[in-house]
Amino acid sequence: MDRMFRVLAFWAGIIAVMFYVGDMLNVALLFLVQTAFFLAVSYLKLSERMYMYLFGAYCTIFMVGFTWYSEFILVPGFGH
């Protein structure tokens, strides 16, 4: 299970680089933090159950943050 967190760190890092190249620095920093989190957790040698709990907590925090952002921050519109 620790290898899956390294895979998540790899893909989060790739996405961070793509956002950086696209000049979206805030989102690139967010994904860089996620990359560091996934990489740090992958080397803790936890049990598989604990890795699943951490992933569930990560998914919950993501959904709460995404819902909050889309409800209160995102301004709907048709173009620029």
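Is Asp23 exposed or buried? With 61% relative accessibility, Asp23 counts as exposed; the term means over 50% relative accessible area, while buried means under 20% and partly exposed lies in between (1.4 Å probe, protein chains only).

## Basis of the model

This is a predicted model, in which local features need pLDDT of at least 70 and side-chain atom pairs count only at pLDDT 80 or more, whereas totals for chains, interfaces and linings use all residues. Residues are numbered from 1 along each chain as its sequence is written, and side-chain values use heavy atoms, with hydrogens and water left out.

## Helix H1

Helix H1 covers residues 2–21; helices here are DSSP runs (H or I, at least four residues), numbered from the N terminus. The expected span of a helix is 1.5 Å times one less than its number of residues.

The buried residues of H1 are Asp2, Phe5, Ala9, Ala12, Gly13 and Ala16. Viewed down the axis, they fall within an arc of 110 degrees, so they line one face of the helix; the arc is that of the directions from the helix axis to the C-beta atoms. These buried residues pack against H2 and H3. On the other side of H1, the exposed residues are Arg3, Trp11, Met18 and Val21.

## Helix H2

Helix H2 runs over residues 25–42. Its 18 residues should span 26 Å at 1.5 Å a residue, and the distance of 25 Å between its end C-alpha atoms agrees with this. Buried in H2 are Ala28, Phe31, Gln34, Thr35, Phe38, Val41 and Ser42.

Ser42 belongs to helix H2 and counts as buried because its relative accessibility is 0%. Apart from neighbours within four places in sequence, Ser42 is in contact with Asp2, Phe5, Arg6 and Tyr51, where contact means heavy atoms within 4.5 Å.

## The loops

Asp23 lies in the loop between H1 and H2, just after H1. Its phi is near 65 degrees, a positive value in a residue other than glycine.

Lys45 is placed in the loop between H2 and H3. Although Lys45 is not a glycine, it has a positive phi of about 55 degrees. Lys45 is exposed, because its relative accessible area is 60%.

## Salt bridges

Side chains of opposite charge can pair when their charged atoms come close. A salt bridge is counted when a side-chain nitrogen of Lys or Arg is within 4 Å of a carboxyl oxygen of Asp or Glu. By this rule there are two salt bridges. In one of them, Arg6 pairs with Asp2, and the closest N and O atoms are 3.7 Å apart. Arg6 and Asp2 are four residues apart in helix H1, and therefore about one helical turn separates them. Arg6 is partly exposed, at a relative accessible area of 23%, whereas Asp2 counts as buried at 16% relative accessibility.

Lys45 also forms a salt bridge with Asp2, with the closest N and O atoms 3.2 Å apart. This pair links distant parts of the chain, since Lys45 is in the loop between H2 and H3 and Asp2 is in helix H1, 43 residues apart. Through shared partners, the salt bridges join Asp2, Arg6 and Lys45 into one network.

## The nonpolar surface patch

Met1, Met4, Val7, Phe10, Trp11, Ile14, Met18 and Met52 make a nonpolar surface patch of about 800 Å². Such patches consist of residues with over 30% relative accessible area and no salt bridge, with nonpolar side chains (Val, Leu, Ile, Met, Phe, Trp, Tyr) joined within 5 Å and like charges within 9 Å. Accessible areas come from the Shrake-Rupley method with a 1.4 Å probe, and for residues only the protein chains shown count as cover. H1 gives the most to the nonpolar patch, with six residues.

Met4, one of the patch residues, is found in helix H1. Met4 is partly exposed, having a relative accessible area of 49%. Met4 and Tyr20 are 16 residues apart in sequence, and their C-alpha atoms are 24 Å apart in space.

Notes:
Helices (H or I, at least four residues) and strands (E, at least two) are DSSP runs, numbered from the N terminus.
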